[in-house]
Amino acid sequence: MSHRLINWFKLSSPYSFFPVAGRLIPWFWALTVLFGIAGLYVGFFIAPTDATQGDSYRIIFLHVPASWMSMFIYIVMAFWAGMGMAFNTRLSSMWALSLAPTGALMAFLSLWTGALWGKPTWGAWWVWDARLTSELILLFLYLGFMALHAAIDEPRRADRAAAVLALVGVVNVPIIYFSVKWWNTLHQGSTISMTKAPSMAQTMLWGMLLMALCFWMYSIVAALIRLRAIILEREAHTDWVLRLPEAAA
Amino acid sequence: MSIATQGEGAIGAVRRSGEGFSMTALTSVLRRDLLLAMRRKAEVLTALFFFLIVSSLFPLGIGPEPALLRKIGPGVLWVGALLATMLGLQRMFYSDHLDGTLEQMVLSSAPLPLLVMGKIIAHWLVSGLPVVILAPILGLQFDLDPGALWILALGLLIGTPVLSLIGAVGAALTLGVRGGGALLSLLVLPLYIPTLIFGAGAVQAHLSGQGAGGHLSLLGALLALALFFVPWATTAALRISLE
């Protein structure tokens, strides 16, 4: 048992995680492609055409996973930022930093695909509805996190300042989630519910879940690649980085 | 007595009060910040005139139709209040950071969250409260009826402390950071949005006959939440900035 514990903590150092991250990346790429192909196939060829919205609803196979990931990544980012602040572990803060751009991308994609869906369905690219607005705030929060981090030169101080911001912003994520109940406007209520049977066809649900897995795996890949770059940048002064075959070349 | 010696006097009071009841630490910081603000009246008045001018520009830009003005009035006044609060935020810790007073506060035996609360209350009294008082008068320009003016003032009374509180976290985070002013607005304005929605929404709800109770309650909830979390978050941010 103690042996396993030591192994896990070993991974929390940039030195030992760097090669592990390198080995993990191809596997997560494979999973991304696999889930992507399966999800897109189910979404575009198997799932039936919606009775009221026609084929334009099919963008939810991208929209919903992107929205889920944008919220989920923010929570994960805030978690690692908080861990980095509480335990002063370098890798945690690097994780938080490497997740931020992917999260911002997901928030942007969610808004973009939402607009593409809203035009034929609601007749407007943008409505000032609670969910859309909250997603926009989430995008701003990601941008603020990255801007604050970029503005402070000393990396460790930047990590901790950005962590405070992430933890303050995390209050916003539940507001997004419950906003549907707070303001009762145009946006339809959440389509998937834990308590009652889903109101959509089973295949649609499967397509969405597969796409969500695809986006999830992609986020891990993107974050791992970015994390490796950040590790190299911050540890550039150490011997082990200089001994790397990549650095020698 | 010069401002500098006033500052030292207050710090002395803070140090001494650390041994006694800690509320004196809060009140002495509050008294000192208010005194400093009164010595530099121009800065306080600038924010107020900014609020006045910004909210007067909208009717000029949009047109004088009373029905339209009544509709946009609450939103314009709230955005104006929000921007006016933003103006004073940078000064909350800036000069104290420059002359080392802030370091002394962090080192003093009095609890830092209380000292921070003193500074936040001072900021609200200087930049929030005048806006609350001025807003109903400006509301007359937008043809709001007396009931709506009351709701507007009440909403601002609950909402502007939230703005000062959230702003304090941003001000502490951007302390001594290059490009601090623009960055501060990028960090703080998104967090202001819920306050703006509920604040302006309260007046809209009143005008549409729904009653403003729900919105005002949510504003109150935001205030309670901010009052609980902000002193700690600001303290953490200050300690990071002073590392």
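How far apart are the end C-alpha atoms of helix H4 of chain A, and what span should its 33 residues have? At 1.5 Å a residue, H4(A), residues 90–122, should span 48 Å, and its end C-alpha atoms are 47 Å apart, which agrees. The expected span here is 1.5 Å times one less than the number of residues.

Before I continue, some conventions. This is a predicted model, in which local features need pLDDT of at least 70, side-chain atom pairs count only at pLDDT 80 or more, and totals for chains, interfaces and linings use all residues. Residues are numbered from 1 along each chain as its sequence is written, while chains are lettered from A and ligands numbered from 1 in the order in which they are written.

I begin with chain A. It has 10 helices and 0 strands; helices (H or I, at least four residues) and strands (E, at least two) are DSSP runs, numbered from the N terminus. Of the 249 residues in chain A, 39% are buried. A residue is buried with 20 or more other C-beta atoms within 10 Å of its own, exposed with 12 or fewer, and partly exposed in between, the C-beta atoms being placed from the backbone. Among the contacts in chain A with a separation of 6 or more, 78% join residues 24 or more positions apart. A contact means that two C-beta atoms, placed from the backbone, lie within 7 Å.

Let me return to H4(A). A kink of about 30 degrees lies at Ala100(A), shortly before the proline Pro101(A); the bend is the angle between axes fitted to the seven residues ending there and the seven starting there. After H4(A) comes Gly123(A), with a positive phi near 85 degrees. In the loop between H3 and H4 of chain A lies Asn88(A). Its phi is also positive, about 60 degrees, although Asn88(A) is not a glycine. Asn88(A) is exposed, because 12 other C-beta atoms lie within 10 Å.

Helix H3, residues 60–87, holds Gly82(A), which counts as partly exposed because it has 18 C-beta neighbours inside 10 Å. Leaving out residues up to four places away in sequence, Gly82(A) touches Ala163(A) and Leu167(A). Ala163(A) is also one of the residues in contact with Ala96(A), as are Met77(A) and Trp80(A). Ala96(A) and Met77(A) are among the residues with the most contacts inside the largest nonpolar core, which has 135 residues. Such a core is a set of buried Ala, Val, Leu, Ile, Met, Phe, Trp, Tyr and Cys residues joined through C-beta atoms within 7 Å. Ile166(B) and Ala237(B) are also on that list.

That brings me to the contact between the chains. It takes 16 residues from chain B and 16 residues from chain A. On the side of chain B, H8 (146–173), H9 (180–207) and H10 (213–241) each supply at least two residues. The largest share, 6 residues, comes from H9(B).

Finally, confidence. Confidence in chain A is highest in H3(A), at a mean of 91, and lowest in H7(A), residues 172–182, at 56. Over residues 184–189 of chain A, pLDDT stays under 50. Where pLDDT is low, the predicted coordinates should not be read in detail.

Definitions and conventions
pLDDT is the predictor's confidence in each residue, from 0 to 100.
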